[in-house]
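Look over the model first, then read on.

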Amino acid sequence: MSEARFLKNAFASYYARGFDLAREPKHIDRREFGFTTFGEKLVIRHRRFSKWSELRDFVNSLAPADIMCSTAIYERPDEPMERKGWLGAELVFDIDADHVGTDCLSQHTSWFCPSCGESGWGLGIAKCPACGGKVEEIKWFCENCLEAAKQETIKLLDFLENDFGFSESEILLCFSGHRGFHVHVLSDEVMSLDQQSRKEIVDYLLGVGLDFKALGFAPRGKPPMLTSGGWRGRVARRIYDLLFEKAREDERISPILEKWSDEMPVSAVLEVLGREYWKLLERAKEEVATHVDSVVTTDLHRIMRLPGTLHGKTGLLAKVISPSEIDSFDPFVEAVVLPKSVVSVSVKAPIPEIRLWNEAYGPFERGQRVDAPKALGVLLIAKGAAKLVE
Ligand SMILES: [Zn+2]
Ligand SMILES: [Zn+2]
């Protein structure tokens with residue numbers, strides 16, 4: 001059996017019983033759907049379904065690698081882009097470990113050369129060192145990457161709920177199925193926002209153009225409180241925590257913290273820290289900002305993975321999570337929905353240790369034969385790091 005056939009069968013048998021976990025979008029008949037397939041790697045765009053059961057039947061017959069749905073609604077979703085008639089779009093955010101910038105990525109990226117079969121570890125390898133051919137980069141994820149993306153998502157949810165006033169019921173949160181999370185704000189109020197308004201929201205989340213003086217972080221202003229809303233409170237609380245850590249090695253800090261009830265003693269902090277104070281503010285800002293992908297949020301015609309469907313490169317479920325449960329969400333357990341039955345694969349490119357459920361698998365080297373649970377076999381094959389052993 002070919003690798004593509006194997007992946008397609010695994011996805012087909014999952015969708016035959018697991019399509020219920022997919023989340024039906026509002027106004028399904030006004031959405032553009034897109035798909036990619038295994039094997040020929042077709043990209044199918046501009047599909048319209050008048051009802052959920054029609055989509056389900058289509059998925060069951062095609063067993064696609066990826067099921068994507070427009071964040072926008074259109075008058076004519078099945079027409080080419082310029083004739084679709086845009087009616088509005090959800091406000092969406094993509095948080096990916098790539099954007100958060102974890103430094104472990106270079107340690108767990110491998111590559112494979114389809115021309116000569118050479119492989120190795122390394123990020124940004126342009127040419128195969130053995131034959132000069134073009135290599136395929138294989139980015140893996142790890143606990144650290146996903147934890148960083150999770151913390152970033154928690155910050156985003158805090159902004160959305162406390163600064164923008166969206167309720168939990170207006171927010172659809174899901175695991176991306178790979179290296180991050182997707183957040184959709186479904187409220188009617190956001191649907192008509194234009195690109196510029198969405199850009200301003202991104203800038204707010206990133207703290208672009210934040211004016212510390214105007215926010216009261218300079219002497220003679222109205223000082224921020226720990227309990228202040230928005231950026232004032234966020235930065236004040238982070239400064240407090242950073243000073244608390246610093247107090248262990250700098251005895252001048254404790255008296256400031258003792259003086260600090262709710263209102264920040266700005267002048268006292270400035271007096272003790274001097275010029276370092278402004279650097280500390282910058283650091284606090286950087287740490288409380290939320291690093292979303294601005295291209296995704298400002299794109300009014302985006303198609304994104306349909307929440308609750310499988311990721312074609314991992315076989316993991318883009319699981320819908322309640323925002324209040326993200327803290328305890330474990331993607332290596334809860335997003336693993338393919339079976340445990342064993343499949344034999346042969347490793348083509350180096351694979352780091354991967355945890356599925358509570359088992360650790362690997363690391364694996366090129367040439368190794370692995371009897372893997374199907375969920376792992378699909379992941380390794382879909383990523384192009386292993387092939388099926390007949
Ligand atoms: Zn090569
Ligand atoms: Zn990592």
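In this predicted model, the mean positions of the 51 positive and 59 negative charges of the chain lie 4 Å apart. Lys and Arg count as positive, Asp and Glu as negative; His and the chain ends are left out. Each charge is placed at NZ of Lys, CZ of Arg, CG of Asp or CD of Glu.

| Property | Value |
|---|---|
| Box filled by the C-alpha atoms, along the principal axes | roughly 75 × 50 × 40 Å |

The chain has 12 helices and 18 strands. These are DSSP runs: H or I of at least four residues for helices, E of at least two for strands.

Now the metal. Cys104 (SG), His108 (NE2), Cys142 (SG) and Cys145 (SG) coordinate the zinc ion (ligand 2) at 2.1 to 2.3 Å. Donors are N, O and S atoms within 2.8 Å of the metal (3.2 Å for Na, K and Ca). The angles among the four donor atoms are 104 to 120°, and the site is tetrahedral (all angles between 85 and 135 degrees). Along the chain, the donor spacing is C-x3-H-x33-C-x2-C. Cys104 sits in the loop between helix H3 (97–100) and strand S7 (109–112), while Cys145 is in helix H4 (residues 143–163), 41 residues apart. Both Cys104 and Cys145 are buried.

Residues are numbered from 1 along each chain as its sequence is written, chains are lettered from A and ligands numbered from 1 in the order written. Local features need pLDDT of at least 70, side-chain atom pairs count only at pLDDT 80 or more, and totals for chains, interfaces and linings use all residues; side-chain values use heavy atoms, without hydrogens and water.

Definitions and conventions. Four donors count as tetrahedral if all angles lie between 85 and 135 degrees; four count as square planar and six as octahedral if opposite donors are over 155 degrees apart and all others between 65 and 115; anything else is irregular. Buried means under 20% relative accessible area, exposed over 50%, partly exposed in between (1.4 Å probe, protein chains only).
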